[in-house]
Structure formats: structure tokens, C-alpha cells
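Trainee: I would like to go through this model and check what each label rests on.
Mentor: Go ahead; ask what stands behind each term.

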Amino acid sequence: MTTHVWRSKRSAESNTPYLCQSIYPGLLSIKAGLADETQGRILEISIPIALASSTTAVLSAIPSTAGPSTTSPTLDISHLPPLTVRLRLRPTYPLEASPTVISIRAPLPSAERGQAWLSRKSLSGLQDRLASLWKEDVEVSGEGTGVLWRWWEWIANGDFLYDLTMYDKEGRIK
């Protein structure tokens, strides 16, 4: 690849956070001006989740009021609370370096700080899967790509729930 084309591609893809910010206003903040600019930029993304269709969720943490029973209460849902992803984009993103996930949170709206709707194990699995999506892009194209779009869509449409095996045999979110 010629130097001119390489620089153009790097410039266009390094603007991905600004494009996301313009398409999803208020859902992405870019923290510039780190003490050491060679460390890149910090992004905080709040990704709302809209499922493709209404889905039944099993509320296993809520005891049934109907008396002793083997069935847990359920709820039909089409949206889930947003996930908050804090990540670092190094200056060599996306061609040479993947985004580095600093933290992923699944806060419950109007709940005490620290309460989440996803377990720590699920959040850890989600973080691992995000890293593997960038690696898959590198294997396919031979270089990194602007994976933020892919991450956003994978979370926003609820596909991550399948990858984390959060559906039971009946197709309900557990």
C-alpha cells in the first residue's frame, strides 16, 4: 500500500469515534488530552440495547408469590438497559492496535451504584469476545479495521446474548 493511501485510510478510520459521536449524540464521549498523548484517546460509550423482537426473560432472582413452584416468573422485553463501555484507542488504532477495553458496566437504571443486570462473569466474557472480534478482522483483512461499528451493532441488537449463551433451551433470556 502506498504511503499516501495508508495515511488516508489511517486518517479516515481514526475519525471513527467522531463519526459514531455524530450518529449517536450523547451516547459517546471522547476524553482527549491524556497526560501522555502517545497513549491515545479514552472513549466512554453508552450502548442502548434493542432486541430484534419481543423476548421472554426469566426472572430467576425474584421469588414467585404464587407459592412453592418450579417455574420462575417471566417478563416479555424488547429493550435492555444500556451497557457502558470505557475503552482506549491507541494512536495506531485501527490498523495496528485494537481498542483496549478498560471496563464494561451493565448498570441498573435508578439502582444503587454497583448494581448490575449482568454478572461479572458475563461482563468478563463480553470483554473477551470484543477483543476476539478485532482479531477476527485482522485475520480476514490482514490488518485491523474500525471495529467500533461492529462492536456497537453486536451489542445494540442483543447478539452478544447469544454469544454469551444467555438463552435457555426454550429461547428465553436467562
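Trainee: Leaving aside neighbours within four places in sequence, which residues is S122 in contact with?

Mentor: S122 is in contact with L164 and M166. This is a predicted model, and S122 sits in helix α3.

Trainee: Why is S122 called buried?

Mentor: Buried means under 20% relative accessible area. S122 has 15% relative accessibility, so the residue counts as buried.

Trainee: What makes T165 exposed?

Mentor: The cut-off for exposed is over 50%. T165 is at 56% relative accessibility and therefore counts as exposed. T165 lies in the segment after α5.

Trainee: Which peptide bond is cis, and how do you know that?

Mentor: The bond joining Y93 and P94 is cis, with an omega of about 5 degrees. P94 is in the loop between β3 and β4. Most peptide bonds are trans.

Trainee: Is L83 buried or exposed, and how do you know that?

Mentor: The relative accessible area of L83 is 0%, which is under 20%, so L83 is buried. L83 belongs to strand β3.

Trainee: Which residues does L83 touch, not counting those up to four places away in sequence?

Mentor: L83 touches I45, S46, I47, I49, R105, A106, W117, L118, L126, I155 and F160. The C-alpha atoms of L83 and P48 are 6.7 Å apart, although 35 residues separate the two along the chain.

Trainee: How many residues are in the largest nonpolar core, and which have the most contacts inside it?

Mentor: The largest nonpolar core has 37 residues, and I155 and F160 have the most contacts inside it. At least two residues of this core come from each of β1 (28–31), β2, β3, β4 (100–105), α3 (120–141), α4 and α5 (159–163).

Trainee: What makes this set of residues a nonpolar core?

Mentor: The members of such a core are buried residues of the nonpolar kinds, joined through side-chain atoms within 4.5 Å. I155 is a case to look at: I155 is among the buried residues of α4, together with L148, W151, W152, W154 and A156. Leaving aside neighbours within four places in sequence, I155 is in contact with I47, I49, L83, V85, L126, L130 and F160.

Trainee: How many cavities of 30 Å³ or more does the structure hold?

Mentor: The structure holds one. About 60 Å³ of space lies in the largest cavity.

Trainee: Which residues line the largest cavity?

Mentor: The lining consists of I45, I47, V85, L87, L130, L148, W151, W152 and I155. Two or more of these residues come from each of β2 (41–58), β3 (74–89) and α4 (148–156). The largest share, four residues, is from α4. By kind, the lining has nine nonpolar residues, no polar and no charged.

Trainee: What about the second largest pocket: how much space lies in it, and how many residues line it?

Mentor: About 300 Å³ of space lies in the second largest pocket. Its lining has 15 residues, with R105, A106, G114, Q115 and A116 nearest its centre. β4 and α3 are the elements that give two or more residues to this lining.

Trainee: How do the residues of that pocket lining divide by kind?

Mentor: The lining of the second largest pocket divides into eight nonpolar, three polar and four charged residues.

Methods
Residues numbered from 1 in each chain as written. Predicted model: local features only at pLDDT ≥ 70, side-chain atom pairs only at ≥ 80, totals over all residues. Heavy atoms only, no water. 1 Å grid on protein atoms, 1.4 Å probe; cavity = no way out; pocket = protein on both sides within 12 Å on 5 of 7 lines; lining within 4 Å. Points joined across faces, edges and corners; volume = space filled by probe spheres on them. Nonpolar A, V, L, I, M, F, W, Y, C, P; charged D, E, K, R; others polar. Buried < 20%, exposed > 50% of the residue type's maximum accessible area, 1.4 Å probe, protein only. Contact = heavy atoms within 4.5 Å.
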